[in-house]
Amino acid sequence: PKEFKIFFALASSPGLVLSKEQLVEAAWGKEFVGETSSITVFIKKLREKVEDDPSDPRVIQTVWGIGYRFEPEGREG
């Protein structure tokens with residue numbers, strides 16, 4: 001499923017910021033054409049599964065204007 005592919009992409013690059021475009025490519029492939037907004041929904045679902053408090057994410061962090069970062073230790077960055 002797409003959710004797993006997105007999580008795998010993030011977890012494979014801890015500390016690295018991945019853009020929505022990179023996450024779309026990881027989940028749907030290079031040939032995908034369309035909006036990247038669905039990534040936001042998948043990130044929300046993932047946070048509900050891995051965060052202690054999904055409203056204050058520490059593991060899957062948003063980097064405003066760029067994308068998302070996976071911090072396995074939940075560090076601020």
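Select Ser-19 first: leaving aside residues up to four places away in sequence, Ser-19 touches Ile-66 and Gly-67. The model is predicted, and numbering starts from 1 along the chain.

Keep Ser-19 selected and colour by secondary structure. Ser-19 lies in strand β1, which covers residues 17-19. Is Ser-19 buried or exposed? Its relative accessible area is 16%, and buried means under 20%, so Ser-19 counts as buried.

Next, select the whole protein chain and trace the elements in order. The chain contains three helices and three strands. For the extents, draw a box along the principal axes: the C-alpha atoms fill roughly 35 × 20 × 20 Å.

Then show the surface. The protein chain exposes about 5000 Å², and carbon and sulfur atoms supply 55% of that area. Of the 77 residues, 34% count as buried, and Ser-19 from the opening stop is one of the buried residues.

Finally, select the charged side chains. How far apart are the mean positions of the positive and negative charges? The protein chain has 11 positive and 13 negative charges, and their mean positions are 4 Å apart.

Conventions. This is a predicted model: local features need pLDDT of at least 70, side-chain atom pairs count only at pLDDT 80 or more; totals for chains, interfaces and linings use all residues. Side-chain values use heavy atoms; hydrogens and water are left out. Helices (H or I, at least four residues) and strands (E, at least two) are DSSP runs, numbered from the N terminus. Buried means under 20% relative accessible area, exposed over 50%, partly exposed in between (1.4 Å probe, protein chains only). Accessible areas come from the Shrake-Rupley method with a 1.4 Å probe; for residues, only the protein chains shown count as cover. Lys and Arg count as positive and Asp and Glu as negative; His and the chain ends are not counted. The place of a charge is taken as NZ of Lys, CZ of Arg, CG of Asp or CD of Glu. Contact means heavy atoms within 4.5 Å.
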